[in-house]
Amino acid sequence: MVHREAPKSFLVSILFTVRRLLGIATFVLILVLLIPKLFLLFDNPKNASFSATLLEARDVVLKKSAPLLHHYIPTNIAGADRSDWILIGLAMMVTFIVGSLAQRSQQSLNRRLLRKSAAAWRKSEGVKPGSALDNELESTLRVAEAGNTVNRQELLRVFAETKKKLDSFGREVAFLAIDVVGSAAMKAGEDPASVQYDFAEYRKLVERIFRARGVLKTAWTPDGVMACFAHVEDACQAGKDVIKSLKAFNSEVKISKADFSVRCGVNAGLVYFDDSTQLETISDRVIDIAGHMQKHAEPNTVLIARKVIEPLRQLQEFTHTNQIIDGYEASVWRERPEG
């Protein structure tokens, strides 16, 4: 049976009220129709006021209802009129049907509230559609919906179980955003085949560096990339390595006129994802800030929030700036001139 909360809709409230009234009416009907049968065992039951009242009430009820019952259903059983028992049976059946309808309506309402709350919880916790965590939550919701008890306690249990799974997907990671400076201008007036070759070789260079630094995931745009690393040091060093490698790349590999230069932005924090989640499907403020750092970086520099870089051994390689990006003070790394 559904563990019913306070009804949250007018229909559900009405149905439970009707069921309660029908239950009372059925109980009274049983008293009126069956108790007088016991008084018939006594002598002169109509001489006592209480028994006489019940007998009169029984007669009134049967007089009013018997013709209607006779019209629709047979009431004679084993040679006797059983209108009283049939009337009680019908009353109990109607009470049961209304009660069942009320319970089903309450359960349906609770399921809708469960789904609505789950959708809001997904949004607040950043659970992405189609992710492994989303599938886990959906599976748990279906188990809850399949049961007979769907109430606030069940809702809290579902969220508690999913929260544990969500926490298991939370990871402290770092993101490196890299974009080629002036890529559109670089392609203007160049042979398309040369441009295609140069950018393909540039991507190979970046991917080799990322693999060497233990990249976890990457998401490429035509001229940019967002990469995820297990440690801030790896993200920062990957950005530095790309910038340092461009000197040889520009002089020895690329064949178009314009040199390649890049802007790099780094940020780190707790992000919820699993191994099957594609980086481009993750929407998180930690990633957004990495992208904003990249957009505000100067060519061939790595820009990062100072609070992220402070715990690192590489702090002395970064210079504090006056830039405030998304509320964070920014520090910058730039390659030092040789000599």
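Let me start at the loop between E8 and E9, where Asp326 is found. This is a predicted model, so please hear every value as computed. Asp326 is not a glycine, yet its phi is positive, at about 55°. For comparison, most residues other than glycine have a negative phi. The hairpin of E8 and E9 has two residues between the strands. Is Asp326 buried, exposed or partly exposed? Asp326 counts as partly exposed, because its relative accessibility is 30%, and buried would need a value under 20%.

Now the whole sheet. The sheet is open and has seven strands, in the order E4-E5-E3-E6-E7-E9-E8, with mixed pairing. Which strands are at the edges? They are E4, residues 215–220, and E8, residues 319–325, and each of them pairs on one side only. From one strand to the next, the twist averages 25°.

E4 is joined to E5 through three residues. E4 and E5, the latter covering residues 224–229, pair in the antiparallel sense over five bridges.

H7, residues 192–212, lies across E3, E4, E5 and E6, and H7 runs at about 160° to E4. H9, residues 285–296, packs on the sheet too, and touches E3, E5, E6, E7, E8 and E9. The direction of H9 makes about 165° with that of E6.

Asn300 is another residue other than glycine with a positive phi, near 60°. With a relative accessibility of 28%, Asn300 counts as partly exposed.

The other loop residue is Glu298, also between H9 and E7. Glu298 is partly exposed because its relative accessible area is 47%, where exposed would require over 50%. What does Glu298 touch, not counting residues up to four places away in sequence? The list is Val262, Arg263 and Arg334. With Arg334 there is a polar contact of 2.6 Å between the side chains. Glu298 and Ser261 are 37 residues apart in sequence, and their C-alpha atoms are 9.9 Å apart in space.

Moving into E7, we reach Thr301. Thr301 is buried, because its relative accessible area is 2%, which is under 20%. Leaving aside neighbours within four places in sequence, Thr301 is in contact with Ile243, Val262, Arg263, Cys264, Val332, Trp333 and Arg334.

That brings me to the interior. In soluble globular proteins, nonpolar side chains tend to be buried together. The largest nonpolar core here has 42 residues. Leu176, Ile178, Tyr202, Phe210, Phe260, Val262 and Ile304 are those with the most contacts inside it. Which helix gives the most to this core? H8, residues 232–252, gives the most, with eight residues.

Apart from neighbours within four places in sequence, Ile304 is in contact with Val232, Cys236, Val266, Met293, Ile309, Phe318, Glu329, Ala330 and Ser331. There is also a second, separate core of twelve residues, and Phe175, Val286, Ile287 and Ala290 are among them.

Last, the cysteines. How many disulfides are there? The count comes to zero. Cys236 is in no disulfide, because the nearest cysteine sulfur, that of Cys264, is 9.8 Å away and a disulfide needs the two sulfur atoms within 2.5 Å. Cys236 is buried, with a relative accessible area of 0%. Cys228 is buried as well, at 1%.

Conventions:
Residues numbered from 1 in each chain as written. Predicted model: local features only at pLDDT ≥ 70, side-chain atom pairs only at ≥ 80, totals over all residues. Heavy atoms only, no water. Pairing = 2+ DSSP bridges. Helix = DSSP H or I, 4+ residues; strand = E, 2+ residues; numbered from the N terminus. Axes fitted to C-alpha atoms, helices over the stretch in contact; angles between N-to-C directions. Contact = heavy atoms within 4.5 Å. Core = buried A, V, L, I, M, F, W, Y, C linked by side-chain atoms within 4.5 Å. Buried < 20%, exposed > 50% of the residue type's maximum accessible area, 1.4 Å probe, protein only. Polar contact = N/O pair within 3.5 Å; in protein donor to acceptor, adjacent residues only side chain to side chain.
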